[in-house]
Amino acid sequence: AGMFANIAVRVGQRTVLSVPETAVLAANGDLFVFVEMAPRTFQKHLIKTGVKGGGRVEVLEGLEADEPVVVQGGFTLKSELEKGAFQGCGSGHAH
């Protein structure tokens, strides 16, 4: 409970998608989040960010409003992915 979150807010004529800062990870100059695709199955999504503030980060590209984003434990997933512990299909899936 409390490990996934995302939010879309309408600002004027556009919808702004944001996630908690704790969800955004970085590696090799890329920013990304982990999305839960199925129970205990995660996928790395490269994102483009916008405005930061209030503990949240605007996501401009790479994420849909209905995708559950890992906000706690992402660093552990990143470490496991870097160690090659995940057996994936090569597209950033982490199982």
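Asn 28 is in the loop between β3 (25–27) and β4 (30–38); strands here are DSSP runs of E of at least two residues, helices are runs of H or I of at least four, and both are numbered from the N terminus. Asn 28 is not a glycine, yet its phi is positive, about 55 degrees. Its relative accessibility is 81%, so Asn 28 counts as exposed. Exposed means over 50% relative accessible area, buried under 20%, and partly exposed in between, with a 1.4 Å probe and protein chains only.

A word on the source. This is a predicted model, where local features need pLDDT of at least 70, side-chain atom pairs count only at pLDDT 80 or more, and totals for chains, interfaces and linings use all residues. Residues are numbered from 1 along each chain as its sequence is written, and side-chain values use heavy atoms, leaving out hydrogens and water.

Next, Arg 40, in the loop between β4 and β5 (41–53). Its phi is also positive, near 65 degrees, and Arg 40 is exposed at 70% relative accessible area.

Now the rings. How many aromatic pairs does a search of the whole structure find? It finds 1. The ring centres of Phe 32 and Phe 34 are 5.6 Å apart and the planes are at 85 degrees, so the pair is edge-to-face. To pair, rings of Phe, Tyr and Trp (its six-membered ring) need centres within 6.5 Å; planes under 30 degrees apart are stacked, over 60 edge-to-face, the rest tilted. Both Phe 32 and Phe 34 are buried.

Last, the whole chain: it has 1 helix and 7 strands, in the order β-β-β-β-β-β-α-β.
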